[in-house]
Amino acid sequence: MKQLLMAERFCLIAHVLSMAFGLAGLLLILPRPELVMNLPPAGQTLFQWGMAGGGVVYIIFGAAAVALYAYRTLGLGATLTFLLPSVFLSLSSELLGTSTGFPFGNYHYLSGLGYKIAGLVPFTIPLSWFYLGLVSYIIARAGLAGGKGELNWVRQIGAIALGALLLTAWDFVLDPAMSQTAVPFWEFEELGAFFGMPYRNLAGWMGTGAVFMSVAAFFWRTRSIKLERSELGLPLIVYLVNFAFGAIITVTSLDSRFWFPTSLAVLLGVVPAIVLSAIAKPAADDLTEAIPSLESALKAEIPSERVGALRK
């Protein structure tokens with residue numbers, strides 16, 4: 001278990017650092033080509049490799065960190081019953097979208113995200129659906145669980161809806177950052193009404209997330225999955241770091257109009273994620289520390305001098 005935790009932390013740190021490297025390259029280095037030209041040949045080669053494969057690296061490390069976390073906290077069965085539906089259903093949705101325009105609108109992927117399945121969808125895209133989808137659903141589920149491992153049908157629907165909303169809110173900043181900046185990774189073939197994004201793209205994100213979360217919830221229905229507040233550190237970090245990655249690129253590379261979708265994403269994604277994590281059930285030892293013992297409470301209420309005075 002200790003080795004598993006170390007591997008999980010290594011992948012998380014690598015995930016965060018690779019995104020930081022990508023941000024530095026996109027926002028600081030690429031606009032100043034003279035900085036690259038002044039590097040030694042080895043440095044130029046490293047930079048070119050990082051820019052070409054950085055998107056692949058950070059997604060792989062993110063998926064690995066979340067998969068290890070899920071295996072450690074939820075078990076192999078629960079991990080597989082989320083991973084497989086999220087990967088295959090999102091891939092099917094993406095293949096359908098890039099072929100027909102449904103459900104996301106007409107778009108196509110460019111280079112930079114790895115080998116394309118069927119020449120259409122980079123293999124990293126379903127992995128990103130998996131790891132952001134899982135952390136979104138886990139946060140929503142833990143916040144609504146009320147300390148119970150099994151949710152009633154009302155809370156199940158609420159967790160799926162909130163999880164899909166958190167996932168879609170991330171796209172409010174991801175899509176502009178990845179499709180409308182100087183170094184795009186995909187392109188819409190139609191000008192969308194919502195800051196360049198088609199409204200059906202947002203509906204497609206919400207629907208795709210809700211579908212694979214519903215499938216996972218069906219398989220999890222007989223499992224007692226209790227995640228305490230202290231166990232939500234990695235999901236919250238992954239969600240916030242990925243959100244920040246898209247938001248920083250969007251607000252620094254695009255015009256001031258894009259502060260609106262970014263602010264909306266904070267309201268619909270960041271704030272609920274933090275609140276849900278905060279209201280999740282605390283650990284048992286945290287509850288013990290929060291409730292003072294009867295003896296200590298009595299000592300606090302009755303000073304020793306007062307007791308002595310009563311005995312005289």
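A residue counts as buried when its relative accessible area is under 20%, and Phe 195, at 18% relative accessibility, is therefore buried. The structure is a predicted model, and its protein chain holds twelve helices and four strands. Of the 312 residues of this chain, 46% count as buried. Among contacts between residues at least 6 apart in sequence, 76% join residues at least 24 apart.

- Helix H1 covers residues 2-29, and its 28 residues should span 40 Å at 1.5 Å a residue, which agrees with the 39 Å between its end C-alpha atoms.
- Helix H5, with 22 residues, reaches 31 Å from its first C-alpha to its last, which is close to the 32 Å expected at 1.5 Å a residue.
- H5 is mostly covered, in that 20 of its 22 residues are buried.
- Just after H5 comes Gly 146, which takes a positive phi of about 65°.

**Packing of H5 against H8**

- Two packed helices are described by the angle between their axes and the distance between the axes.
- For helix H5 (residues 124-145) and helix H8 (residues 233-253), the angle is about 125° and the axes are 9 Å apart.
- Angles over 145 degrees count as roughly antiparallel and those from 65 to 115 as roughly perpendicular, and H5 and H8 are therefore oblique to each other.
- The crossing of H5 and H8 is left-handed.
- On the H5 side the contact is formed by Tyr 131, Leu 132, Val 135, Ser 136, Ile 138 and Ile 139, which meet Pro 235, Leu 236, Val 238, Tyr 239 and Asn 242 of H8.
- Sorted by class, the contact of H5 with H8 has nine nonpolar residues, two polar residues and no charged residues.

**Val 135 within H5**

- Val 135 is placed in helix H5, and at 1% relative accessibility this residue counts as buried.
- With its neighbours within four places in sequence left aside, Val 135 is in contact with Val 66, Pro 235, Val 238 and Tyr 239.
- Val 135 and Tyr 69 are 66 residues apart in sequence, while their C-alpha atoms are 10.0 Å apart in space.

**Packing of H6 against H8**

- The axes of helix H6 (residues 153-179) and H8 come within 7 Å of each other and cross at roughly 35°.
- The crossing of H6 and H8 is left-handed.
- From H6, the contact draws on Leu 166, Ala 169, Trp 170, Val 173, Pro 176, Ala 177 and Met 178, and from H8 on Tyr 239, Asn 242, Phe 243, Phe 245, Gly 246, Ala 247, Ile 249 and Thr 250.
- The residues in the contact of H6 with H8 divide into twelve nonpolar, three polar and no charged.
- Tyr 239 and Asn 242 of H8 are listed in the contact with H5, and Tyr 239 and Asn 242 are also listed in the contact with H6.

**Backbone features in the loops**

- Most residues other than glycine have a negative phi, and most peptide bonds are trans.
- A cis peptide bond, with omega of about 10°, joins Phe 102 and Pro 103, and Pro 103 is placed in the loop between helix H4 (76-100) and strand S1 (107-109).
- Ala 118, a residue other than glycine, has a positive phi near 60° and lies in the loop between strand S2 (116-117) and strand S3 (121-122).
- Ala 118 is exposed, with a relative accessible area of 62%.
- Phe 195 also has a positive phi in a residue other than glycine, with a value near 50°, and is found in the loop between strand S4 (186-188) and helix H7 (199-219).
- Ala 118 is exposed, whereas Phe 195 is buried.

**Phe 88 in H4**

- Phe 88 lies in helix H4 and is exposed, with a relative accessible area of 53%.
- Phe 88 and Trp 129 are 41 residues apart in sequence and 9.9 Å apart in space, C-alpha to C-alpha.

Note on methods. Residues numbered from 1 in each chain as written. Predicted model: local features only at pLDDT ≥ 70, side-chain atom pairs only at ≥ 80, totals over all residues. Heavy atoms only, no water. Axes fitted to C-alpha atoms, helices over the stretch in contact; angles between N-to-C directions. Helix = DSSP H or I, 4+ residues; strand = E, 2+ residues; numbered from the N terminus. Parallel < 35°, antiparallel > 145°, perpendicular 65-115°, else oblique. Left-handed = near helix turned anticlockwise from the far one by under 90°. Contact = heavy atoms within 4.5 Å. Nonpolar A, V, L, I, M, F, W, Y, C, P; charged D, E, K, R; others polar. Buried < 20%, exposed > 50% of the residue type's maximum accessible area, 1.4 Å probe, protein only. Expected span 1.5 Å × (residues − 1).
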